[in-house]
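Trainee: I would like to learn how to read a few features of a model. Where do we start?

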Amino acid sequence: MKTIDSTTEVNSNKTEVFPNIDLDLKIRYQISNDEKNLHVILTSTDYTIISKILTTGLRVCFDEKGGKKDKLYLEYPRYQKQEFSDRIMARVRNTQRENFSLNNLISEVPNEAIFGINGTIEPFPVIPADTSDIKVSVKLVNRSEMLYDLLIPFSRITKKGISSLAHLSIGVVTQSPNVPNISGKLMDVSGQDRSEE
């Protein structure tokens with residue numbers, strides 16, 4: 001995403017809630033802060049992006065030096081290893097998309113997030129919200145728009161205080177598709193046995 005400056009929550013323009021857009025990712029976003037917390041909100045109406053986030057997870061990485069390091073991150077939804085190849089799942093999704101709602105996907109999102117720092121991970125339940133100082137949620141708005149909301153204390157990002165975050169970069173990462181190497185006979189989703197030659 002492009003470089004932007006965080007706005008203070010007190011001074012943020014409420015009429016333009018998502019002033020930043022990444023056209024390639026098809027995501028609108030807002031980054032703001034108060035004295036203690038960083039607030040990251042992402043939204044999208046693109047079915048493919050939403051289903052990818054809900055099925056492969058989303059990792060928000062923080063680098064206080066302005067780079068692209070991923071040693072400090074919050075992961076929610078968590079990545080889940082897929083049992084079927086993404087090619088097969090994409091074919092199923094395309095044929096069943098009309099009958100399948102994003103509500104089905106969001107209901108499958110586990111109630112656990114991970115805070116990671118330098119290889120150490122701290123899992124925590126998302127609900128109830130009072131179990132952690134990090135607040136994160138993902139929900140659907142109007143059945144077709146995803147709203148991702150993260151509130152993370154600056155003390156989780158740095159021990160040096162907010163003044164040390166003048167060059168903070170935030171990266172948003174999803175997992176790569178799971179495409180296993182399959183050879184020999186492959187059972188088609190339709191149930192027909194097909195041989196690769």
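Mentor: Start with P128, which is found in the loop between strand 8 and strand 9 (135-141). Strands (E, at least two residues) are DSSP runs, numbered from the N terminus, as are helices (H or I, at least four). The peptide bond that joins I127 and P128 is cis, with omega about 5°. This is a predicted model, in which local features need pLDDT of at least 70, side-chain atom pairs count only at pLDDT 80 or more, and totals for chains, interfaces and linings use all residues. Residues are numbered from 1 along each chain as its sequence is written, and side-chain values use heavy atoms, with hydrogens and water left out.

Trainee: Which residue does a cis peptide bond join to P77?

Mentor: Y76, with omega about -10°. P77 is in the loop between strand 6 and helix 2 (86-96).

Trainee: In what order do the five strands of the open sheet come?

Mentor: Two strands pair if DSSP finds at least two bridges between them. Here the order is 8-7-6-5-11, with antiparallel pairing. Strand 8 (120-125) and strand 11 (169-173) stand at the edges with a single partner strand each, so one side of each has no neighbour in the sheet. From one strand to the next, the twist averages 20°; axes are lines fitted to C-alpha atoms, for helices over the stretch in contact, and angles run from 0 to 180 degrees between N-to-C directions.

Trainee: How many bridges join strand 5 to strand 6?

Mentor: Three, between residues 59-63 and residues 72-75. Within this antiparallel pair, V60 stands opposite L74.

Trainee: Is E145 buried or exposed?

Mentor: Buried means under 20% relative accessible area, exposed over 50%, and partly exposed in between (1.4 Å probe, protein chains only). E145 has 17% relative accessibility, so it counts as buried. This residue lies in strand 10 (residues 145-153).

Trainee: Which side chains does a polar contact join to that of E145?

Mentor: A polar contact is a pair of N or O atoms within 3.5 Å; within protein, one must be able to donate a hydrogen and the other to accept it, and residues adjacent in sequence count only if both atoms are side-chain atoms. The E145 side chain has one of 2.9 Å with R28 and one of 2.5 Å with T43.

Trainee: What is the phi of N142?

Mentor: Near 55°, a positive value in a residue other than glycine. N142 sits in the loop between strand 9 and strand 10, and is exposed at a relative accessible area of 65%.
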